[in-house]
Amino acid sequence: MDSRHGDCKDRQTSTTIMAENDTLECVTEHERILQEIESTDTACVGPTLRSIYDDQPNAHKRFMEKLDARIRNHDREIEKMCNFHHQGFVDAITELLKVRADSEKLMGQVTDTNRRLQHAGREVTSQTDEVIHCRLQQRNMVTTVEKLQLCLPVLEMYSKLKEQLESKRHYAALKTMEQLEKVYIPRVSQYRFCQIMAENLPRLREEIKEISMSDLKDFLESIRKHSDKVGEMAMRQAQKHRTFNSALTKQACLGHYTKPVYSVIGPTHAHIHNALMRDDDDVDDEDEDGTEEEADEEILMAHDLVDFSPVYRCLHIYTVLGNRETFENYYRKQRKKQARLVLQPQGNMHETVEGYTRYFNQIVGFFVVEDHILHATRGLVTRPFTDELWNMALSKIIAVLRTHSSYCDDPDLVLDLKNLIVIFADTLQGYGFPVNRLFDLLFEVRDQYNETLLKKWSLVFREIFELDNYSPIPVETEEEYKLVISRFPFHDAEIEKQDFPKKLPMSQSVPQIYTQVKEFIYASLKFSESLHRSSTEIDDMLRKSTNLLLTRTLNSCLQNHIKKPHIGLTELVQIIINTTHLEQACRYLEDFITNITNVSPETVHTTRLYGLSTFKDARHAAEGEIYTKLNQKIDEFIQLADYDWNMAESDGRASGYLMDLINFLRSTFQVFTHLPGKVAQTACMSACKHLSTSLMQMLLDTELKQISMGAIQQFNLDVIQCELFASSEPVPGFQGDTLQMAFIDLRQLLDLFLVWDWSTYLADYGQPTSKYLRVSPATALALLEKVYKGMKDTSKKNNIFSQFRKNERDKQKLIETVVKQLRSLVNLMSS
């Protein structure tokens, strides 16, 4: 009990101690809060008061008690202080009441004094205000004058700028802008109007750039329109210069030969640009044919036809604006585009010389303008740039000329094109552009020119051949004879001794062809003028072109004409005679070319004319055509043959068709007396061989199944007439029985059947001395089978005559035996 009582007491004691400790802590905390409330602002009391409620329960009651105690304490202190200062406060109030009466009196005096002073100084104040206002105005006026003196130059310069812009003096306007920006506007930059001016200047610069660029575009469009005229004037001056030099060259060459003078020495080249700078009077005085209008004509330069000021202005403007490189690139780009447009030809340019003239004028005008820009400006157009443009243009020009010249079929147009190319090249060479490739192109154009000439002369030759009567030329008087030999070099002593009227062996086409060949040489020579080539080169070109005329054109026309169906044997004979005379005249053509070019034919590299081979080939073709025509005529007569292959006996006379054929051959070979002997002999031999072959084929025709011995006898009569014709020597010159040998095959074959000499044939077969050496076993077998079949048919019809049966059977057995032996020989030969 005591122990429990002791423990309980200890617990009470400890609880009391803990409560006292808590109370002490709480009092300390309240004290701190009260100090904080007293020392802080009222707005910050909220968190402090909130902390009271956040502590222990019922803590706010103890705080309120503590707060009330603190309030009572302060109230006692306030009361003590008020009691201590109360007497002093009373004494101060008493003194203030005494001063109040004095201050009111003083206030009245001050108010009265102020009123009197205001009344007295009212007039002075009014005058002082006026003086102040006047002085302020004076100062403002002085300031205004000073500022206006600073602003007037700016306004004057800006007004000047406006005038320059209105009068389109853009380069001067840019200089004025530069002065405004760097000199004048900085002096008065504080003013609003100056700021507006400064802000407006960039816009004006852009406007000037746009206007100048617009002027440049108008200029580019203008030079496109005027390039044709500029090029025409430049090429005209170049042509006058070349004409003058050609006149000098002709004067130097007078007396060399009497034919029309063709300049073989090119004109001395001079700078066309200098020629353009001369007076037309100097040139026209040298030209005797020039009119007074041409003499008084003023030379128009590029700058006379085109106003270049937009380019200069635009260049200066972009240079001042610092965009020169942009301007140069734009100008060059646009000019490249224009160059490509200029180089595009019209589709029908090749049809007229005017089309080529316009094309060349535009190109020359373009490059003349570029040359002027090159020398008139510094760096806008450079020599490398113009060279690049020219190289591009030159390649395009060459390609265009190659294409369009290939369409030209008129040699006069091609010649005009050549002259234009020469003038074009001389003009641009005068401005420093290389033109060697153009002169190389002229060789290609020369080939095209020669081709057109060949086509033209092909028509001429065809017309001559078609209109020729292929008869010897009749000459009635000596004047006619001289006229013919003046056109063709013909000399024959025997014919010259004959009396008039007489006939020349060739037909009228011979002098015409000879004259046309000379005309072709003249026409071909025209192209060589002004090509700056030597006489040797021109001579070589003439000979080569003439060779082409002879070997290709004339030869082709002859060959085609010879092969035409309506050309008969008489015409072919005359053609052979004509070609013989033309062949003999070739050496005169060589002399003709030599007289023109003054180049000796003994020169090492001189080309020879191939006329000899041409006319020989034509003559051989005519000879071959004669052989063909004869054979065709023989075939026509052979087709008229109407044999009765089953006839019992012959008619006793030759067939009518064959006699007509022989008469035709006789009359034809009489015409051949004017031909060379070998030609007539060959024709006669060819005709006889063809006749023999045709008759042999008629006998051996596979469609002919049977032949009677009477038909063979009739056939033999026809062959005898052929042999008689051959032995009559229709063409002189054959030796012995040479012509009769053409019918030897037929003769041996017919003799074999007519004599019925099979034993001899079979016994001597293969021997060189055989009587029937020209009869092959196959031929004999084929004809024997046909005869055997005919004999069978005949025996069937005559079987009523029994007395002949034994003979018929013996003959049939013999034939069968011969057929077997012939077949064995044929098989032996085939194996």
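In which handedness of crossing does H15 pass H18? The crossing of H15 past H18 is right-handed, a label used when the near helix is turned clockwise from the far one by less than a right angle, with anticlockwise being left-handed.

A word on ground rules: this is a predicted model, where local features need pLDDT of at least 70 and side-chain atom pairs count only at pLDDT 80 or more, while totals for chains, interfaces and linings use all residues. Residues are numbered from 1 along each chain as its sequence is written, and side-chain values use heavy atoms, leaving out hydrogens and water.

**The helix pair**

H15 covers residues 436-467 and H18 covers residues 509-526; helices here are DSSP runs (H or I) of at least four residues, numbered from the N terminus. The two pack at an angle of about 165°, their axes 11 Å apart. Axes are lines fitted to C-alpha atoms over the stretch in contact, and angles run from 0 to 180 degrees between N-to-C directions. That makes H15 roughly antiparallel to H18 (the term for angles over 145 degrees). On the H15 side, the contact (heavy atoms within 4.5 Å) includes Tyr449, Leu453, Trp457 and Phe461. Among the H18 partners are Ile513, Val517, Phe520 and Lys526. Sorted by type, the residues of this contact come out as twelve nonpolar, five polar and two charged. Nonpolar here means Ala, Val, Leu, Ile, Met, Phe, Trp, Tyr, Cys and Pro; Asp, Glu, Lys and Arg are charged, and the others, Gly among them, are polar.

**Aromatic pairs**

Searching the whole structure turns up 25 aromatic pairs. Rings of Phe, Tyr and Trp (its six-membered ring) pair if their centres lie within 6.5 Å; planes under 30 degrees apart are stacked, over 60 edge-to-face, and the rest tilted. Here are two of them:

| Pair | Centre to centre | Angle between planes | Type |
|---|---|---|---|
| Phe360 and Phe424 | 4.8 Å | 40° | tilted |
| Tyr761 and Tyr765 | 6.0 Å | 50° | tilted |

Phe360 sits in H12 (residues 353-376) and Phe424 in H14 (residues 411-430), so their pair ties together parts that are 64 residues apart in sequence. Both Phe360 and Phe424 are buried (under 20% relative accessible area, with exposed over 50% and partly exposed in between, using a 1.4 Å probe and protein chains only). Tyr761 is buried at 1% relative accessibility, whereas Tyr765 is partly exposed at 29%. Ring pairs also link Phe360 and Phe424 into a cluster with Tyr359, Phe366, Phe367, Trp390 and Phe433.

**Gln338**

Gln338 lies in H11 (residues 324-342) and is buried, at 9% relative accessible area. Beyond its neighbours within four places in sequence, Gln338 contacts Leu220, Glu221, Ile223, Arg224 and Phe366. Phe366 also belongs to the aromatic cluster.

Technical notes. Angles under 35 degrees count as roughly parallel, over 145 as roughly antiparallel, 65 to 115 as roughly perpendicular and the rest as oblique.
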